[in-house]
Every structure is written in C-alpha cells, then in structure tokens.
Amino acid sequence: MFHNLQELRHSASLANKVFIQRDYSEGTTCKFQTKFPSELESRIERTLFEDTVKTLNNYYAEAEKIGGQSYLEGCLACATAYLIFLCMETRYEKVLKKIAKYIQEQNEKIYAPRGLLITDPIERGMRVIEISIYEDRGSSGSSSGSSSVSGSTAR
Amino acid sequence: MKNCEYQQIDPQALPTPTPTPPPHHGKDTEKKKEPRRPRRKWEVFPGKNRFYCDGRIIVARQSGVLPLTLGLILVTSGLFFIFDCPFLVKHLTSCIPVIGGVLFVFVLITLLQTSFTDPGILPRATPDEAADIEKQIDNTGNTSYRPPPRTKEVLINQQVVKLKYCFTCKMFRPPRTSHCSLCDNCVERFDHHCPWVGNCVGKRNYRFFYTFIVSLSFLTAFIFGCVTTHLALRAQGGKGLVFALQESPGSAVELVICFFSVWSILGLSGFHTYLVASNLTTNEDIKGSWSGKSGEDVTNPYSQKNIFINCCSVLCVPMPPSLIDRRGFLPTDESAQTGSADIELPTLAAKSEINVTKPESVPPCVSDHPVLTHCSLCGVSLCLRPSTNTRRRSVWTLLCPALAD
C-alpha cells in the first residue's frame, strides 16, 4: 500500500497502463467513457472511478459551453480582430487549470494510495485518460497485461 | 488481374531506417545532455511544420503562396492610399481612408493569425497508447488475402459515423478529424489546407480564416468601388478614361487586381457562410459525407438545425487550447512523448522510394512478421519480396489492389 505520490514514484514500478477513451455519442465535445475497465477491478471501487470521470466530463462541458456569455465573448473577440486572445486567458484555459488541480488532488487522495496514477488528458491530446498501474517493487507484480477491454466502441 | 501473393521478407535485408533522433536516452536525470540546453517540444515535432519565435508561431513547411497573398494585399492597399485617397478626400469625404485603414488592418491581422495559429493539430499517440489500440484491433492471425481496413463505428446523435485509423499518428481519428498530407498532421475539424494562407484551416483557426475572407471581400469591394468612383470623377467633363488612367496609373493596377479577385473572394465568403450556417466543413462538403449519396438516410449529426445556433457553435465556441504544447520542455522520464521508433511499429526509410501517400510506420501483418509497407488507400497490409531496391516500386504497384486497376 502506498501512502503518497512520492512514495509511489520512488518505490513502485510501472506494471500496466489503462486508457479511457473518448465518448463521441454526443458529438465532438470532450467527454470520456465511464465504463469501468476490468484491470482496475481489484484496485479501486467502481463508484470512485465513475465519480472522477463524471466530474472531469462536467468540467469539460463547462469549458465548451455555448451560451449568452460565450456569444458575447465571441462578438467582442471578433470586433478586436481576435487580438484579445493574445492578452487574456481564455475560458478554456481557466477550466484546464481547475482540471489540473482536481486531478492532482484526486491522485493524492484516492489514486496514489491504491497504486494508481491519472495523467491529465491534455498531455495526451485530450484523447484518453491514461491511468498508470503501479506494482510494489518488492512484490512479484504482474507484467504488462495481455488484454485490455478499455476503449471499446461506444454504441 | 495481377498475381498478388505474399512472400516472407527478411528484415535484415532492409536498409536500416534512421529514426527521428530521440530527445534523450531516458537515463539522464537532467533535461539535457551535458553540452545541450533544455529542448522544447517544438524542436522534435514530427509533423511537417516550421516554428518561429521559439515555438510561438507555427506554419506549414510549404508556405504556399502566403507571400503572394501578403504582397497583393499590401500593394493594392498601398496604391489605394497613395493614389486614390488624396483625391477622394478632397472631393468626397475623409471617411474613406479611415474605413479603408480599418479594413486593411483587420485583414492583415486575421490573415497573420490564420497563418500562424495551430489549426488544431492532434499530437501523435504515445507508444503505450498505440500498443493498446493495436491490441484492441481484431488481429486473429487469419491468413486471408485482405485484412479489413481499420475502422471503428460510433453512434453520434443516432447517426453512424466511421472513425478511421491513422497509420501515421497511430490512433483512431476523432470525428471530423482528417490527416493533412501536406503538413503530415491530423487536424481536428479539418476544413482544408489553404495555400493562400500557408496553413491548414481547422478547429482553432477557422474563425480567423472566416473573418479574414469576409473582411477581405469587404476590403476588395470597397477599394474597387473607390477606384471606380475616383476614375469616374477624374474622367468627367469630357476628359475620358484614358486621361484619368494617365493621371493616376496606380488605379489601373488596383482596378485589375480587384476586378479579378473580388468575384472569387466574394464567392468563397458566400460558400463558407453556407458552411458555417449548416455546421459543415469543406472536407465533408466535398466528400458529400452527409448528402446521402449512398442512398442511406444520412443527416449531419453535428448540425443543430438552427442557423443561429450553428453559427454560434462554429464561431463563438470558447477558443480551444493547443494540444501540441509547442513551448513545453521535453520530459525527463523514460516516456518520451515524441514518437520515436517503437519496437512494434518500425519506421521506414524505404518509403521515399514508393510513390504513394505512405504512413511512416506500419502495423505488423497477419502472418506475424513485420510488414514492409501498408496501403493507406485500402488498408491492406502488404509484404514485399526482398528484391532489389529498384524493383520495389514496381513490385509495390503490382501488389497493391487499389493501385492495380
């Protein structure tokens, strides 16, 4: 059992990686599948995992939301020939910072103690949520898995 | 028609490819080798792009006719301000150079933003991710002649959409993403590669592009109108058009340029206004993805069926971030994120000899030995005999079914 992130990085070896794919059922908006991968069954509770993914999905939906405010921002940006993007931080970037903080917090509180580590999707081109599974170096950890069921087609 | 057969190849007979130099060997604890400074990700970017200002500016490697576009705009506007404005200010109103100036600045800024902004390039899959996807693709080891092309179907708003596997980027392309062969990148919401701006037009710079062409049509029409008025005013009183042109030769040049460009630019603006209103991309429109050509009942799953909402979702959606992180520093740990040679998916040096659009790396073929090349047209994995290199081109065209006809 690992107690924090530092311990995880120093005393564990990477055993496997699970990739949570995107859910395109609602279009091209950023949303990840909440299907629970089988490799994590023994490592973490299903509800905790689903909560994390659902919260991330909500963050991305908030970042990409189209409403009155985004319409005004769009018109203002157009009127300034979009130079405003060079000066101001966009709404998306603000939400990405919140997401990074949330993932860091989740890693520290929930995932590292279970020997898991979530990589921020922005570092993978927003295509996947990469969850690294660590094994304690002392134990005979299973080597990289032969099969993975994550990322099945979204129907 | 052709006798297509697979033969085992001997990997040792192949020329060893020179992979893109890895950023570091993974054992260094520091970000750099001893004599080298820390490297940024843009320096090892695998696509065909050029970077300036330490990664802040990105353009396609072939700048196309961007210098010509800039030149035409600058020359026409310059002549306008020098030759036409003084006369029109004296005889009409001083608003004319103001309006012209505003439009000119608008056009220039949006053009540069279109050219220098990342259009929405998707970074290539990391080796772990690519291996994971490979495992999921059904590779039962059957020895059938033609393995199925790699596609995945998803349901978007009750509409079946096929996602294709990109062999260069080693991932399934998200919907509306396309691989630009000129830039060698997958671009999100790919519209087209515009040689006039020297860059792809995609999700992140479409609004700049649209504003550019709309303001350019206004500018061109405005200059055209002003020049016509100027020449008409000079020519009145029986002096004639020739006299007017002699007095103001710059106007002749402007007239020619504007006359020939205003129609195409206006047409392009109109076309893109239609695309924006129906939430389509040029790529989808040209391919007829949603026009129901195949007889099925297909509709555009991305359209909100309301012109105003469509325009908002294309032009007013919050600006998405750049995914390629050009100015980030290369990571120090062993997971090199820049797609250096992977043991499962070797890069090829032989591809330069083959005259088709080719991916840089290939999947293992069904007979479980490395495949020399892969047809990106039909998705066939092909093994080539280790014949002499000069024969490889003809062997390739013989074996590839899509090219054989």
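How much area do chain A and chain B bury between them, and what percentage of it is on carbon and sulfur atoms?

1. Basis. This is a predicted model, in which local features need pLDDT of at least 70 and side-chain atom pairs count only at pLDDT 80 or more, while totals for chains, interfaces and linings use all residues. Residues are numbered from 1 along each chain as its sequence is written, chains are lettered from A in the order in which they are written, and side-chain values use heavy atoms, without hydrogens and water.

2. Interface area. Chain A and chain B bury about 3500 Å² between them, with 61% of it on carbon and sulfur atoms. Buried area is the accessible area (1.4 Å probe) that two parts lose on being put together, summed over both. In contact (heavy atoms within 4.5 Å) are 41 residues of chain A and 40 residues of chain B.

3. Salt bridges. Between the chains there are two salt bridges, each a side-chain nitrogen of Lys or Arg within 4 Å of a carboxyl oxygen of Asp or Glu. Lys17(A) forms a salt bridge with Asp128(B), with the closest N and O atoms 2.7 Å apart.

4. Elements on the chain A side. Strand E1 (12–21), helix H3 (68–79), helix H5 (91–111) and strand E3 (128–136) of chain A each give two or more residues to the side that touches chain B. Helices (H or I, at least four residues) and strands (E, at least two) are DSSP runs, numbered from the N terminus. The largest share, five residues, comes from H3(A).

5. A sheet in chain B. Three strands form an open antiparallel sheet in the order E3-E8-E7; two strands pair if DSSP finds at least two bridges between them. Strand E3 (121–122) and strand E7 (178–180) of chain B each have a single partner strand, so one side of each is left without a neighbour in the sheet. Leu122(B) stands opposite Cys186(B) in E8(B).
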